[in-house]
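Colleague: Could you walk me through the aromatic rings in this protein? Please keep it short.

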Amino acid sequence: MLSSNLFRISLLAAGVAGALASGHAHAAAFQLKENSAKGQGRAFAGSASAPGDVAVVANNPAAMRLLDGRQLSIGASAISFSADFKGSGRYVGATGPGTGAPVSGGDGGDAGTIAALPAVYFAMPVGDNMHFGASLTVPFGFKTEYDRDWVGRYQGIKTELQTIDAGLAFSYDVNPWVSFGASVFAERLDVDLTNAIDFGTALYAQRVPGATPGSQDGFARVKGDSTEVGFTLGGLFSVDENTHIGFTYRSRVDHKIDDGKATFDVPPFAKAVLAVAAPGQYVNTGGSAKIIMPASATASFTHIINDRWTVMADVSRTAWSKFDKITVDFDSAQADNTLVFNYRDTTFGSIGADYKYSDTLTFRGGLAYDQTPTQARYRDVRVPDNTRKWVSLGLTWTPSPSSEWNVGYTHLFVSDPTVNETAVTGSSLVGAFDVGGDVLAGSYTYKF
């Protein structure tokens, strides 16, 4: 009888690992900062301390002190991400992984996408020294999709992960110079992953007649969702009316996916062998896993130089090292899997400036350095990730005291990420990606 251990390739685990071990090209790993068109224009410098940006409802509730009256803002960010692969793959051979025959298939096409991220905010004063706010944001997410028959199909085909947060915020002004705030948010997580399965290699290794590497490709899809609660704490300290320092902490969110679904498309020949050699393997099943969205802390500075010029800076630290492993528990006979990621904590730093050209028009710009938590030797094809540099521009048009329009644009400079990855069945993929990224954001704010 064939060894059942041969077929305990945990595809649900492999899919989740492939998705979460990688990152989006416009933010470190799968974290998204794109929640404000005004902030986008200055590379999010001053995100927790700049006056007049209602996005502080989510970024630093204590900074609602710097908003005038009641405000409603509706905006969106369009993220254009491209990832073109050049390289090759080989099946497992007599001397080890990646030493056999070449893997068939093309380069997968452009795996990137154009995605829209909504951002909605409401803020209002309550009495003389309190403020209330509500927000809808997308703090984490990415999507890539290759051709189904591409050369890296065993490593990944489709990867889609998205969260959406609905939050309520409150702040209290101790005096005109010191404020504290907090928010509570409900976070919805959705995951959808696909990849091919090389049953041909598994059967060939057990000398099943007629089986060769790549001759029995199957297909796996994993979907899951979770809704959990997190919080943000913040403080705003004003040295004087022109200088503001903000500190904020966003909690980690522990998502428990209890109703995940794994579905498998198994070729008839492989299905017949599995029924005898490994019953209960590669059948449609449920599963559970815990996925941690990491905590982050930000220090933010804003100084109004004069009636025209304002300068800002931000430094953020994200606790990606806590995202060290995931254990996947299957409802079927497949063994549980523990996945190790080797993530590291990251730093994001930015500087920016606003220039008030007239009473109705303000220009801004910014630069940023965004560190990736992944390491080159662990890079995954599902989403190529590398440290990136930002250049941002933006403007605000205020046609009346009650209306404000904002536009922000960022171009990302990313070194070409390389990949050297071995699939669970021993096939290797070696190559590099040509990665590009641009973000265009817009918003309208009504003050009443």
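Modeller: Ring pairs join Phe85, Tyr146, Trp150 and Phe433 into a cluster. Rings of Phe, Tyr and Trp (its six-membered ring) pair if their centres lie within 6.5 Å; planes under 30 degrees apart are stacked, over 60 edge-to-face, the rest tilted. This is a predicted model, where local features need pLDDT of at least 70, side-chain atom pairs need 80 or more, and totals for chains, interfaces and linings use all residues. Residues are numbered from 1 along each chain as its sequence is written, and side-chain values use heavy atoms, without hydrogens and water.

Colleague: How many aromatic pairs does a search of the whole structure find?

Modeller: The search covers the whole structure. The number of aromatic pairs is 17.

Colleague: What kind of aromatic pair do Tyr146 and Trp150 form?

Modeller: Their centres are 4.0 Å apart, with 5° between the planes. Both Tyr146 and Trp150 are buried (under 20% relative accessible area, with exposed over 50% and partly exposed in between; 1.4 Å probe, protein chains only). The pair is stacked.

Colleague: Why is the pair of Trp309 and Tyr355 called tilted?

Modeller: Trp309 is partly exposed at 39% relative accessibility. Tyr355 is partly exposed too, at 25%. The ring centres are 4.8 Å apart, and the pair counts as tilted because the planes meet at 45°.

Colleague: Which ring does the charged end of Arg148 sit over?

Modeller: A charge sits over a ring if NZ of Lys or CZ of Arg is within 6 Å of the ring centre and within 35 degrees of the ring normal. For Arg148, the distance to the centre is 3.6 Å. The ring belongs to Phe219.
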